[in-house]
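Please look over the sequence and the model before reading on.

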Amino acid sequence: MARFTLPGMYKRRARMVFLHEQHPEVAKRAVALAEQSGGRWLEARHEHLDRNWPDLLILLDGRSPDKLELSRHTRGKSWPLGPDWESELQQRIAGMIGGFRLLARLDDSSAPSQ
């Protein structure tokens, strides 16, 4: 029986922006953690300068992304953080990267080359 495979789903790294209005250093730390553990899968920024750039906008300060003007392709998420925020960020980012890896295994593809 021939095995059906889809063409590689990852043409480029996912683009994400982390924002925290009151404490931008938290967003900067999220970028560092994301790139450290998943740099093959994603590009991250802590500033939202170009609304057409990100695939995912993650608000770390509890705000809802519903009131933001996002590009049609950008998905907004809210990750409110507690006192152990750095550990929470590490867990959430690891879960997200695990999801990328799982989808790539299902697709028989690998991390994007760009």
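## Overall arrangement

Followed along the sequence, the protein shows the pattern β-α-β-β-β-α, and its secondary structure therefore comes to two helices and four strands. The model is predicted, and the descriptions below should be read with that in mind.

## Burial, contacts and surface

Of the 114 residues in the protein, 33% are buried. Among the contacts in the protein with a separation of 6 or more, 61% are accounted for by residues 24 or more positions apart.

The protein exposes about 7400 Å², and 50% of this area is supplied by carbon and sulfur atoms.

## How the two helices meet

Two packed helices are described by the angle between their axes and the distance between the axes. Here, helix H1 covers residues 24-38 and helix H2 covers residues 85-107, and their axes come within 10 Å and cross at roughly 40 degrees. The crossing of H1 and H2 is right-handed.

On the side of H1, the contact is made by Val26, Arg29, Ala30, Leu33, Ala34, Ser37 and Gly38, while H2 contributes Trp85, Glu86, Leu89, Gln90, Ile93, Ile97 and Arg101. Sorted by class, the contact of H1 with H2 has eight nonpolar residues, together with three polar and three charged ones.

Notes
Residues are numbered from 1 along each chain as its sequence is written. This is a predicted model: local features need pLDDT of at least 70, side-chain atom pairs count only at pLDDT 80 or more; totals for chains, interfaces and linings use all residues. Side-chain values use heavy atoms; hydrogens and water are left out. Buried means under 20% relative accessible area, exposed over 50%, partly exposed in between (1.4 Å probe, protein chains only). Contact means heavy atoms within 4.5 Å. Accessible areas come from the Shrake-Rupley method with a 1.4 Å probe; for residues, only the protein chains shown count as cover. Axes are lines fitted to C-alpha atoms, for helices over the stretch in contact, and angles run from 0 to 180 degrees between N-to-C directions. A crossing is left-handed if the near helix is turned anticlockwise from the far one by less than a right angle, and right-handed if clockwise. Ala, Val, Leu, Ile, Met, Phe, Trp, Tyr, Cys and Pro count as nonpolar, Asp, Glu, Lys and Arg as charged, and the others, Gly among them, as polar.
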